[in-house]
Amino acid sequence: MKLEFIPTDYDYFDFEGRNYIRIYGRDEKEKRICVIDTCPIYLWAILKKGVSEPKIKKIIEKIKKIKVNIAGRTTTIEKIEVHNKNFLGKEVKALKIFATNYKDLHEIADHLGLPEIEKRRGYDLGFITHYIIEKKIKPLHWYEIEGEVITGIENFGGISEILDVNLCIKLEKHKEIQDKYFSPKILSYDIETDSIKIGEGEILMISLVGKNFKKVLTWKKANKKEDYVEYVKDEKELLEKFIKYTREFSPDFLVGYFSDGFDLPYLKARAQINKVKLNLSLDDSQPIFSRGVIQTAKTRGITHIDLLRFIRTVYGQYMQSETYSLNEVAKEFLGDTKKAFELKHSSKILEKDWDKYFEYNLHDSVLVYNLFEKFWPDILEFSRITREPPTEITRIGLSKFTESYILHNLEKFNEIPEKKPTTDQLSERRHLGHVEGAFVLEPTPGLYEKIAMFDFTSMHTSIIISMNLSGPTLLEKPEKNSNSIETSRGKFYFTKKPGFIPLMLKEIFEKRKRFKAEYKKNPDPITKARSNAFKVLSASIHGYIGFFGSRYYSKEASASILAYVRKFNMDTIKKIEKKGYKVLYGDTDSIAIKMNNSSKEQIKELLKELNSNLPGIMELELEGFFERGLWVTTRSGKTGAKKKYALLGEDQKIKIRGFETVRRDWCPLARELQNKVINLILGDGDKKRALEYAKEIIKKIKNREINKSSLIIRSQLKKPISEYKAISPHVIAAKKMRELKIPIEHGALVSYYVAETKGKSKLIRDKVKLPEEKGEYDIKYYLEHQIMPAIENIFQVFGLNTKEMIDGKKQMTLGEF
DNA sequence: ATATACACGGATCCCCTATTTCC
DNA sequence: GGAAATAGGGGATCCGTGTA
């Protein structure tokens, strides 16, 4: 049997003591295929230098006798080969030890404590990763495969009987073929329940949305019945129908939003109560829940994806949304929002409102479906680039992205993979403390005209590549013809012989450049996603090297990268100043210059000259020209504030960084006022209006004319309530919520306002009230702690003392500017 | 536990000293 | 009169959220 095949998911099973992989996917006719295969299973034993040939032979004989008995199976050594390999960039002689079961490699490694063996590696990758590296059947690539169709009970104990696929094939041959379009079958779902606590209330309804498929399953009958609503008898039937429809639709991806943490655990809990088997996987198994801090719920074949987790890791840092609620995220990426519906306990929902609830529930699944379509190119590209299946890459963090890429690309360098750090190493690394980071130039507060902004293109990345920085390229002692850098942890030397990490990064960097250009020439979601995936990967390597949990961790390399970052930025600033320009500000990789009377051409000429002196692939770029820029003092008023500025672009767009107006832990009133003030000053140059506007707001606060919703302060609970050492206002708000039985877990966003209270306490936390709580807002607090701090420093730039603004003792005139 | 460091700024914590209160 | 309680100042620390 010969067919075209694209893998979407992998799992594995044991048969007669050996590991077999199961690859789920589709053929060119969109039929469901399961491919069964196995691969050589082995680990590496790196030999000490200078072990003689006869000695090696002896060791091999010894190792061959190793037998491991675990969990009722016996794993034996199949064969041993001697190879010349590289480990951390150095040539080594290593034994490739083949065994029958991947899970037992760890145990075998424990039996290899021979004096001639230096290190044991390559047994901790996970069998699926190992298989993909070994056989190169990568997720979401097309293959022409040949194999025997498995039928009947003889093969693997009747596996084909259980699997709900069109065809089950034992792989014999495979060949990667030219990429072609693949559109996965998607089914999104969302549940509505009577309690937010997992399993505590009944599931009221479940919506399902796929291509040409819309359904809301419910046991609650309403007045008006839309076509998509299907009534069932009770919760048990609701669950059964959900499973039935899902299996019938047979999607590649079953997609939810926060469904690892809510929908699927809830379904599991209710299924248990109702004695229903939640067999959503193609092998008839139930979702597997892992115990980690963030719960995951994995299914096989019909792959469960929690879209929230992917969006959070990949786009979190770049998102405008202040929360990860489906509503905000959908608004940002789709321009669509949830249907308005006030969630209540089912007993309190009026008869006439149920059909609205159904519509609301359906629309949530529609949003999730559309979001998945939007992010599918990203999932596809990340999966292809890191060679890990979607079920993994939608759940891992940035360090794992990088690590997967490295592990899957080691072969080109003949490298043996480094192992994960042990618990001891982890605590040791964590105790090393921080390395000195980037340099930030203190600005002189003021309003400036005509500004040019320079920045280094992918600064950390280009430094790693240009200076050949990484753990394996670090030299133990100084050598001639090496790069060296003075850091806070001493002077470090790096070989000039290109290391595999800088080389890999160079490839990523060049691909990123190429795909970015491709995207600009031919903008479509795929080229955009590809460009973005390489951008994320490229930007994460530096963090990965400095991350204590990584396989290729190096504090020395991390310190050196940052030392170079400081050096290049400071040197460039000095050179610019030498040319007679004033440098207004600089942060890490950026430099803001006052243009004075220079033309744009002259600035570009300066840039060209600066670039001619930069090493390797390093490049300084023109970020843009700006008409005006505003820098303020810190609250103490003694120094210029870093990481806080506003720029007016030539396109009249205002770019605000760091100011309270961009921070979600300030009340909307203060944020909007500050935004308005900055806009008036920067855009129209209208200080008078800005001042008047501020005064108006102050008056309104005093007269209690401000709507409470403008005064709500939001803050995230970053850990369990009990772990807080300092009981701050938002912790009190969280405690209040808990008292009201509103489920509150860490990670939740807490809202509150500061109210006037009778008590004498000066602590703000004693004035905290929840938004629903009755009370009058505290005029003094909002004036002194929200409004004034947001605008004071800005007016101060113009020499205006705002101290008297609140009590209005002194009438301010424009003359004071 | 799940990429890094720098930075701001609010609020509380904590220690010290001065003042007030209580017996 | 003397001990204990309280107030207030100020630096240290905690905490969340930004920038890069």
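The surface near DNA strand C has, by class, four nonpolar, five polar and 11 charged residues. In this classification, Ala, Val, Leu, Ile, Met, Phe, Trp, Tyr, Cys and Pro count as nonpolar, Asp, Glu, Lys and Arg as charged, and the others, Gly among them, as polar; a residue is near a molecule or strand if one of its heavy atoms lies within 4 Å of it. The model is predicted: local features need pLDDT of at least 70 and side-chain atom pairs count only at pLDDT 80 or more, whereas totals for chains, interfaces and linings use all residues. Residues are numbered from 1 along each chain as its sequence is written, chains are lettered from A and ligands numbered from 1 in the order in which they are written, and side-chain values use heavy atoms, with hydrogens and water left out.

DNA strand C is surrounded by 20 residues, of which Asp589, Tyr645, Arg663, Lys719 and Tyr724 are the closest. Of the atoms of DNA strand C that come within 4 Å of the protein, 88% belong to sugar and phosphate. Several polar contacts (pairs of N or O atoms within 3.5 Å; within protein, one atom must be able to donate a hydrogen and the other to accept it, and residues adjacent in sequence count only if both atoms are side-chain atoms) can be followed here. A polar backbone atom of Asp587 is 3.4 Å from a sugar or linking oxygen of DNA strand C. Phosphate oxygens are also approached by the backbone: an N or O atom of Gly658 lies 3.2 Å from one, and for Ala726 the distance is 3.4 Å. Strand 26 and strand 28 (713-716) are the elements that give two or more residues to this surface. Such elements are DSSP runs numbered from the N terminus: helices are H or I runs of at least four residues, and strands are E runs of at least two.

With strand 27 (residues 654-657), strand 26 pairs in the antiparallel sense over four bridges, pairing being assigned if DSSP finds at least two bridges between two strands. Tyr645 stands opposite Arg657 in strand 27. Four residues separate the two strands of the hairpin, and Gln652 in the turn has a positive phi of about 70 degrees.

Sugar and phosphate make up 89% of the atoms of DNA strand B that come within 4 Å of the protein. Ile727 places a backbone N or O atom 3.4 Å from a phosphate oxygen of DNA strand B. Two or more residues of this surface come from each of helix 11 (398-408), helix 15 (525-546), strand 26 (640-649) and helix 21 (779-796). By class, the surface near DNA strand B has 13 nonpolar, 10 polar and seven charged residues.

The next feature is a sheet. Strands of a sheet pair through backbone hydrogen bonds, either parallel or antiparallel. Here, six strands form an open sheet with mixed pairing in the order 14-13-12-11-15-18. Strand 14 (229-231) and strand 18 are the edge strands, each pairing on one side only. From one strand to the next, the twist averages 25 degrees. Strand 11 and strand 12 are antiparallel, paired over seven bridges, and Thr193 stands opposite Ile203 in strand 12.

Helix 6 lies across strand 11, strand 12 and strand 18 and runs at about 65 degrees to strand 11; axes are lines fitted to C-alpha atoms, for helices over the stretch in contact, and angles run from 0 to 180 degrees between N-to-C directions. Helix 9 (residues 354-386) also packs on the sheet, touching strand 11, strand 12, strand 13 (213-218), strand 14, strand 15 (253-256) and strand 18, and its direction makes about 40 degrees with that of strand 12.

Helix 6 (residues 263-273) is largely enclosed by the rest of the structure, because eight of its 11 residues are buried. Buried means under 20% relative accessible area, exposed over 50%, and partly exposed in between (1.4 Å probe, protein chains only). The buried residues are Asp263, Leu264, Pro265, Tyr266, Leu267, Ala269, Arg270 and Ala271. Their cover includes strand 11 (186-193), strand 12 (203-210), helix 5 (235-249), strand 16 (288-290), strand 17 (296-298) and strand 18 (303-306), where contact means heavy atoms within 4.5 Å. Lys275, with a positive phi near 55 degrees, follows helix 6.
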